[in-house]
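This report describes a single structure, element by element. Please read it alongside the sequence and the coordinates.

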Amino acid sequence: KALHRIRFNDKWMAQWFVNYMHSLDSSGKISEFFTGTGIQHLTGETLSKLKIPVPPKSEIEAYVKKISAIRDKTNELAASESAKVKALCELKASLLTQAFAGELTA
């Protein structure tokens, strides 16, 4: 029901905030801030109470770059794994077809 807009003057701080919110979501900790029994809401009031750890500005860029690099590598590995699983499924289907057609006997 609501859209919260947060503006940052520094792109690294904006990316830091997005990464922090993602970590809260991934860990399930963001649910502590939700209200409502049916559809969960993150109200402006609870959002304003959210304490966000902010490292020194000099470190934020390095952290954001490292997190981005890890995310990119993770996505690359997931895509590679998916391709391998697909290839194994195709191999299995091919072997089964050949086996039932009697093509695998000596």
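Lys 49 and Glu 45 are joined through their side chains in a salt bridge, with an N to O distance of 3.6 Å; the term denotes a side-chain nitrogen of Lys or Arg within 4 Å of a carboxyl oxygen of Asp or Glu. The two residues are separated by about one helical turn, because they are four residues apart in helix α2 (residues 44-49). Helices here are DSSP runs (H or I, at least four residues), numbered from the N terminus. Lys 49 is exposed, at a relative accessible area of 54%, and Glu 45 is likewise exposed, at 54%. On this scale, buried means under 20% relative accessible area, exposed over 50%, and partly exposed in between (1.4 Å probe, protein chains only).

## Basis of the model

The model is predicted: local features need pLDDT of at least 70 and side-chain atom pairs count only at pLDDT 80 or more, whereas totals for chains, interfaces and linings use all residues. Residues are numbered from 1 along each chain as its sequence is written, and side-chain values use heavy atoms, with hydrogens and water left out.

## Other residues of helix α2

Thr 46 also has its place in helix α2. With a relative accessible area of 17%, Thr 46 is buried. Its side chain reaches the backbone oxygen of Phe 33 at 3.4 Å, a polar contact (a pair of N or O atoms within 3.5 Å; within protein, one must be able to donate a hydrogen and the other to accept it, and residues adjacent in sequence count only if both atoms are side-chain atoms). Leaving aside residues up to four places away in sequence, Thr 46 touches Phe 33 and Thr 35, where contact means heavy atoms within 4.5 Å.

Gly 44 belongs to helix α2 as well and counts as partly exposed, at 35% relative accessibility. Between the C-alpha atoms of Gly 44 and Pro 55, which are 11 residues apart along the chain, the separation is 24 Å.

## Helix α1

Helix α1 (residues 11-27) has 17 residues, which should span 24 Å at 1.5 Å a residue; its end C-alpha atoms are 24 Å apart, in agreement. The expected span of a helix is 1.5 Å times one less than its number of residues. At the start of α1, the backbone nitrogen of Trp 12 has a side-chain oxygen of Asp 10 within 2.7 Å. After the helix comes Gly 28, with a positive phi near 85 degrees.

Which residues of α1 are buried? They are Trp 12, Trp 16, Phe 17, Asn 19, Tyr 20, Met 21 and Leu 24. The cover over the buried residues of α1 includes α3.

## Helix α3

Helix α3 (residues 57-100) contains Leu 91. From its first C-alpha to its last, the 44 residues of α3 reach 65 Å, close to the 64 Å expected at 1.5 Å a residue. Gly 102 follows α3, and its phi is positive, near 75 degrees. Ser 58 is another residue of α3; at 66% relative accessibility, Ser 58 counts as exposed. Ser 58 and Tyr 20 lie 38 residues apart in sequence, and their C-alpha atoms are 17 Å apart in space.

The structure holds four salt bridges, among them two with both partners in α3. In one of them, Glu 61 pairs with Lys 65, with the closest N and O atoms 2.9 Å apart. These residues are four residues apart, about one turn of the helix. Glu 61 is partly exposed at 32% relative accessibility, and Lys 65 is partly exposed at 47%. In another, Lys 73 pairs with Glu 76, the closest N and O atoms being 3.3 Å apart. Lys 73 and Glu 76 are three residues apart in α3, about one turn of the helix. Lys 73 is partly exposed, at a relative accessible area of 42%, as is Glu 76, at 49%.

## A nonpolar surface patch

Leu 88, Leu 91, Leu 95 and Leu 104 form a nonpolar patch on the surface, together presenting about 380 Å² of accessible area. Patches are made of residues with over 30% relative accessible area and no salt bridge: like charges are joined within 9 Å, and nonpolar side chains (Val, Leu, Ile, Met, Phe, Trp, Tyr) within 5 Å. Accessible areas come from the Shrake-Rupley method with a 1.4 Å probe; for residues, only the protein chains shown count as cover.
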